[in-house]
Amino acid sequence: MNSEKLNILKESIKNAKRIVFFGGAGVSTESGIKDFRSKDGLYNLKSKYGLPYETMLSHSYFRAHTETFYEFYREFMITDAKPNYAHEFLAQLEKDGKDVKIITQNIDGLHQLAGSKKVIELHGSIHRNYCERCGRLYDLSIVKNSTSIPTCPICGGEIKPDVVLYEEPLDERVVTKAMIALQEADLLIVAGTSLKVYPAAMYINYFYGNNIIVINKEKLDVNRKIKLQILGKIGEIFKSLNYFNK
Ligand code: NAD
């Protein structure tokens with residue numbers, strides 16, 4: 001790994017007062033969760049259902065084929081994965097007193113599991129589920145333990161995961177939080193995302209500074225002037241910084 005680039009990354013983190021880490025599915029691949037667009041990502045697997053998996057993650061598919069949606073969702077979107085070094089590194093920075101806000105496109109809850117408190121989930125979370133009839137909230141177990149469409153034990157209504165499917169709008173309150181965090185930051189780290197999912201990808205334009213560092217397995221074309229791009233796996237890169245070794 002290029003040690004000059006790693007030094008710039010390390011110094012940038014040390015000197016920053018307010019960091020935003022903007023991440024995607026690539027942040028969780030080292031935990032064993034597939035991303036979508038890598039060679040071995042979900043979208044490049046042959047679908048068991050005769051339809052692209054991308055289509056099955058849409059609101060209209062969820063409405064028309066709820067039972068099959070859940071079959072697919074339980075197999076591919078729900079895992080027992082644990083945080084990897086990337087999640088742990090960011091959580092440790094926060095514990096050490098750095099102002100680190102995480103804006104994630106992920107729905108796996110691994111940043112919180114690692115201990116990060118300031119996590120803005122643009123696309124919701126598999127850990128929050130609600131009854132479409134009475135609005136009661138449920139954790140992941142209601143989906144995990146069902147074999148068909150999960151239903152509310154109180155009113156019998158169908159449960160929907162609080163995740164943003166294609167065709168669904170993002171929660172405006174969450175988007176506002178993300179925009180404010182970006183506007184207040186003096187360092188933006190963009191990592192493990194193809195920046196192909198909109199509108200999420202365009203929010204990085206709310207960062208007005210020049211201090212943008214991109215960490216990704218494949219080269220990313222970012223529509224912005226960036227300070228540095230590091231190619232590689234995010235967890236390995238953070239580990240190689242030896243940041244917490246005094
Ligand atoms: P994507 O699949 O489109 O792109 C992932 C990017 O991360 C790729 O450019 C890939 O090269 C890179 N990458 C993979 N592993 C990496 C690693 N270890 N280190 C650095 N880079 C790595 O993902 P996206 O841009 O996040 O968009 C997909 C959408 O699907 C998002 O909304 C995302 O939240 C969702 N999704 C979430 C999960 C999850 O919650 N874990 C998993 C799959 C997809």
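Trainee: What do the buried residues of α4 pack against?
Mentor: They pack against α2 (53-56), α3 (59-64), β4 (124-131), α7 (141-144) and β6 (159-163). Keep in mind that this is a predicted model, where local features need pLDDT of at least 70, side-chain atom pairs count only at pLDDT 80 or more, and totals for chains, interfaces and linings use all residues. Numbering runs from 1 along each chain as its sequence is written, and side-chain values use heavy atoms, with hydrogens and water left out.

Trainee: Which residues are buried in α4?
Mentor: In α4, residues 66-76, the buried ones are T66, F69, Y70, F72, Y73, R74 and F76. Buried means under 20% relative accessible area, exposed over 50%, and partly exposed in between, with a 1.4 Å probe and protein chains only. Helices (H or I, at least four residues) and strands (E, at least two) are DSSP runs, numbered from the N terminus.

Trainee: Which ring does Y70 pair with?
Mentor: Let me start with the count, which comes to 18 aromatic pairs. Rings of Phe, Tyr and Trp (its six-membered ring) pair if their centres lie within 6.5 Å; planes under 30 degrees apart count as stacked, over 60 as edge-to-face and the rest as tilted. Y70 pairs edge-to-face with F62, at 6.0 Å centre to centre and 70° between the planes. F62 has a relative accessible area of 1%, so it is buried, and Y70 is buried at 0%.

Trainee: Where do I find an aromatic cluster?
Mentor: Look at F21, Y85, F89, F238, Y243 and F244, which form one.

Trainee: New topic: what is Q105 in contact with?
Mentor: Beyond its neighbours within four places in sequence, Q105 is in contact with F22, G23, G24, L122, H123, T193, V197 and A200. Contact means heavy atoms within 4.5 Å. Q105 sits in the loop between β2 (99-104) and α6 (110-114).

Trainee: Is Q105 buried or exposed?
Mentor: Buried, because its relative accessible area is 10%.

Trainee: And E167, buried or exposed?
Mentor: E167 is exposed, because its relative accessible area is 58%. Its place is the loop between β6 and α8 (172-184). Leaving out neighbours within four places in sequence, E167 is in contact with S58, H59 and S60. From E167 to S60 there are 107 residues in sequence, but 7.7 Å in space, C-alpha to C-alpha.

Trainee: Where is there a cis peptide bond?
Mentor: Between Y198 and P199, with omega about 5°. P199 belongs to the loop between β7 (187-191) and β8 (212-216). Most residues other than glycine have a negative phi, and most peptide bonds are trans.

Trainee: Last one: how many helices and strands does the protein have?
Mentor: Nine helices and nine strands. The radius of gyration is 19 Å, close to the 18 Å of the globule rule for 246 residues, so the protein is as compact as a globular protein of that length. That radius is taken over C-alpha atoms, and the rule is 2.2 Å times the number of residues to the power 0.38.
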